[in-house]
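Here are my notes for your read-through. Please keep the structure open beside them.

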Amino acid sequence: MHKTRLTLAAALLLAALPALQGCFPAVVTGAAVGVMAAHDRRSIGTQTDDETSELKVRGRLPAQYKEQSNVSVTVFNRRLLLTGEVPSAEARAATEAAAREVDGLREVFNELGVGPVSTLGSRSNDSYITSKVKARLVDSDQISANHVKVVTERGIVHLLGIVNEREAKAAVNVARTTSGVLKVVNVMEVIDEAETRRIDEQLLGARKSSPASAPASSAPVENR
């Protein structure tokens, strides 16, 4: 039970980081993001390209629908996932068409819903569901939570990542049995287990060869 509380707290912090980055010093958020990036199966170059693609897609979203839409853009290994809500089927198609104009994307998954923009309460619940799925991935000991990207919209969990077949099944099972999840959309990229092992060994070697971080300076102590 104690471990579950700790992992849930950690997952909640990670889920909140994007919203809180403006409230923390760069050294704090930078360190957290750096640790996550070091365990990511994407190369640093691909991670950078994905972030750039997300910005480009957001910049291309049709202006005429923005006030009535809530579009989330996620790019993982050059594969784009569109989630959220748009006001009409025309807006949904136009948003996808605009996104496809961005160079470098290999695939586009349009999971936009047609209807009213989700409420703040709904989005908060989605964030909580994401944190629960991440915490349960940690507790499962079957797959690293760093290898799976979890995006939740309206209770629907979308899974992205670079995984092998065994890991994909474990991640889907964790997500589909998490309370509050209405549906799981699996858009993970499944590769051979030998390939995931090779990537992980390469990451481990890179971490071992990187210079150790300098120890934190000690604060002075005053005895009363």
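1. Start with N164. This is a predicted model, and N164 sits in the loop between β6 (156-163) and α6 (165-176). Relative accessibility there is 2%, so N164 counts as buried, the cut-off being under 20%.

2. Which residues does the side chain of N164 meet through polar atoms? One partner is the side chain of T196, in a polar contact at 3.0 Å.

3. Neighbours within four places in sequence are set aside here. The contacts of N164 are then V190, I191, D192, E193 and T196.

4. Move to helix α3, residues 44-60. It has 17 residues. From first C-alpha to last, α3 reaches 25 Å, close to the 24 Å expected at 1.5 Å a residue.

5. Where do the buried residues of α3 lie? They are T46, Q47, D50, S53, E54 and V57. Seen down the axis of α3, the buried residues fall within an arc of 120°, so they line one face of the helix. The face turned away from that buried side carries exposed residues: I44, E51, L55 and G59.

6. Last, A91. Its place is in helix α4, residues 89-100. Is A91 buried or exposed? At 0% relative accessibility, A91 counts as buried. A91 touches Y65 and V86, not counting residues up to four places away in sequence. The C-alpha atoms of A91 and K66 are separated by 9.5 Å, with the two residues 25 apart along the chain.

Notes: Residues numbered from 1 in each chain as written. Predicted model: local features only at pLDDT ≥ 70, side-chain atom pairs only at ≥ 80, totals over all residues. Heavy atoms only, no water. Helix = DSSP H or I, 4+ residues; strand = E, 2+ residues; numbered from the N terminus. Buried < 20%, exposed > 50% of the residue type's maximum accessible area, 1.4 Å probe, protein only. Contact = heavy atoms within 4.5 Å. Expected span 1.5 Å × (residues − 1). Arc of directions from axis to C-beta. Polar contact = N/O pair within 3.5 Å; in protein donor to acceptor, adjacent residues only side chain to side chain.
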